Amino acid sequence: MIRYILIASYTFSIVLLLLIGISNAEIAISPAFIDIRLDKGRPAGSFMITNVGDKEERYRIKAIHFTFLKDGGVREIPPDEHSIAQWIKFNPEEFSVSPKTKRTIRFVILPQGNLPSGEYWAAMELESLNTSEAIGKDAAGRELKIEVIPTILVPIFGQSGDVIYDGSVKEIIVNQNEKAAGIDATVINNGDGRILITGEYEITDESDKVVEKGSLGKSYILPGSDRKFSVTKEITMPEGNYKINIRFNGPQLKKAISNESRFIWKSSL
């Protein structure tokens, strides 16, 4: 059995675009993620599932906990101190939606006790009941029949109390390969709320003249996690000593996250 797990984790855009070409499912989900206060009233909400395809779609729903990996991937994990998966109730938990129609899925979150300040999260997992089969071969050349189950994750984030958003650049590495430079910057989330950051780098020579600059991309980092940003850039600059400045900005941050490192660039290896 193979499970295709899809998630609108980086841009939180509609997952429909991700589905096309990966599975036979053709649905759109709105909103693509939820942000909700856990300490004001009874946290609840709804999703709208739209079947834009030409056949009936059937799904089973449950709440799961997840984390983002250092390279940006997504992994389901057991509930921990940040999980709200165990408190989420969906209605309905199993449903079908006819072609060109919509279905509302409601949820309520029932936290147990007073939550410490911070951010909590889970995901609504939609497991398709319209499975398909694929044929493959194992290492010995034997033919295998594999059941494929498309799965979609839609994040639900909740905040309690005053949330601290903070991070730092803990490592910068510049590797030279021929005329290209591989730039790696690892950022750790030091706060108790998720941060959305966009990175950029700037290389200066010994006279502080900027000789190269560019983007390191954009990503979420969950509390207690780190994220490695990497880019490979073809660089043509004289041999010598240089400094690289790394800078990340984000809407939750009061000031940019930055750090710098020095390196020696050789004309040839």
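Are tyrosine 242 and phenylalanine 263 buried or exposed? Both are buried, where buried means under 20% relative accessible area, exposed over 50% and partly exposed in between, with a 1.4 Å probe and protein chains only.

Before going on, note that this is a predicted model, in which local features need pLDDT of at least 70 and side-chain atom pairs count only at pLDDT 80 or more, while totals for chains, interfaces and linings use all residues. Residues are numbered from 1 along each chain as its sequence is written, and side-chain values use heavy atoms, with hydrogens and water left out.

Start with the whole chain. Of the 269 residues, 45% count as buried.

Next, select the aromatic rings. There are six aromatic pairs, a pair being rings of Phe, Tyr or Trp (its six-membered ring) with centres within 6.5 Å; planes under 30 degrees apart count as stacked, over 60 as edge-to-face and the rest as tilted.

Return to tyrosine 242 and phenylalanine 263: their ring centres are 6.0 Å apart and their planes at 25°, so the pair is stacked. Tyrosine 242 is in strand β18 (residues 240-249) and phenylalanine 263 in strand β19 (residues 257-265), so the pair ties together parts 21 residues apart in sequence.

Then select Phe47, Phe90 and Phe107, which form one aromatic cluster.

Finish with two arginines. Arginine 194 lies over the face of phenylalanine 157, at 3.8 Å from the ring centre. Arginine 227 lies over the face of phenylalanine 229, at 5.1 Å from the ring centre. A charge sits over a ring if NZ of Lys or CZ of Arg is within 6 Å of the ring centre and within 35 degrees of the ring normal.

Technical notes
Helices (H or I, at least four residues) and strands (E, at least two) are DSSP runs, numbered from the N terminus.
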